[in-house]
Amino acid sequence: AAMTAPEHLANRDLDVASALPAGPLPSAARIVIVGGGIVGASIAYHLALAGESDVVLVERGRLTNGTTWHAAGLVSQVRGTHALTELSRINAETYERVGRETGIDPGFRRVGSLTVARTEERFQEIRRPVSIARDVGLPSEIVDRERVRELWPSAVVDDLVGGVFFPDDGTINPGSAALALARASVDRGVRYVPGTQVTGFRRAADGRRVTGITTSAGD
């Protein structure tokens, strides 16, 4: 039977075991990432890109079975500050790249994002990122009611003041995206250890530095 959209987003169709080579817990590693959701997978991928080779990604169950599949999968490139925008603007090209590299489709679709306002105060608030977008060369558009209706024909626009449209934003399947990021990191030498729960941390005498971890599979 065909799956419903919620079942697909719950990643029940993700064949993690065959797509992501796993290994045993090593006795030592320079960097250990705790948690194999999309954040952990992204950290692993970007560390590997930066040349870190001694990295272990530890997951208590299997990749993406925590909170990642609950995510809405919204991919926006413009944030409330220039610094956050510089971090976020690379996400679309990152998802496209890992899809090409791994053959795992993260489900990225550039459908654009539309935010609308019913009050003048809210309209002023949602317009602020437009100036940031212009500063960094990302396309954006301040829209009136008729343009909102054109972009989204089912919208009721009678009580709207206006909106903003970012045509390069999109959506992903969070589970597939995490799997693609993790596979790309493993292909670059990161070790993936599923079925292993982290139970504690060992610290240096001064208490400020983590020197090891304890897990259900050993230290």
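This section describes a helix pair, the salt bridges and a nonpolar surface patch in a predicted model. Local features require pLDDT of at least 70 and side-chain atom pairs count only at pLDDT 80 or more, while totals for chains, interfaces and linings use all residues. Residues are numbered from 1 along each chain as its sequence is written, and side-chain values use heavy atoms, with hydrogens and water left out.

Helices (H or I, at least four residues) and strands (E, at least two) are DSSP runs numbered from the N terminus. Two packed helices are described by the angle between their axes and the distance between the axes. For helix H3 (residues 38-49) and helix H5 (residues 91-102), the axes come within 13 Å and cross at roughly 75 degrees. H3 is therefore roughly perpendicular to H5. Axes are lines fitted to C-alpha atoms, for helices over the stretch in contact, with angles from 0 to 180 degrees between N-to-C directions; 65 to 115 degrees counts as roughly perpendicular, under 35 as roughly parallel, over 145 as roughly antiparallel and the rest as oblique. Contacts (heavy atoms within 4.5 Å) join Ile38, Tyr45, His46 and Leu49 of H3 to Thr94, Tyr95, Arg97, Val98 and Glu101 of H5.

With a salt bridge defined as a side-chain nitrogen of Lys or Arg within 4 Å of a carboxyl oxygen of Asp or Glu, the count is 16. One of them pairs Arg110 with Glu96 at 3.3 Å, N to O. Arg110 lies in the loop between H5 and strand E4 (113-117) and Glu96 in helix H5, so this pair ties together parts 14 residues apart in sequence. Arg110 has 39% relative accessibility and Glu96 33%; both are partly exposed (buried is under 20%, exposed over 50%, partly exposed in between; 1.4 Å probe, protein chains only).

Helix H7 (residues 145-151) holds both Glu146 and Arg149, three residues or about one turn apart, and their closest N and O atoms are 3.8 Å apart in a salt bridge. Glu146 is exposed at 52%, and Arg149 is partly exposed at 34%. Glu150 and Arg147 form a salt bridge at 2.9 Å, N to O, and are likewise three residues apart in H7, about one helical turn. Glu150 is exposed at 56%, whereas Arg147 is partly exposed at 22%. Salt bridges with shared partners link Glu96, Arg110 and Asp168 into one network.

A nonpolar surface patch consists of Val32, Val34, Phe201 and Val210, together having about 330 Å² of accessible area (Shrake-Rupley method, 1.4 Å probe, for residues only the protein chains shown counting as cover). Patch residues have over 30% relative accessible area and no salt bridge, with like charges joined within 9 Å and nonpolar side chains (Val, Leu, Ile, Met, Phe, Trp, Tyr) within 5 Å. Phe201 belongs to strand E9 (residues 198-203) and is partly exposed at 49%.
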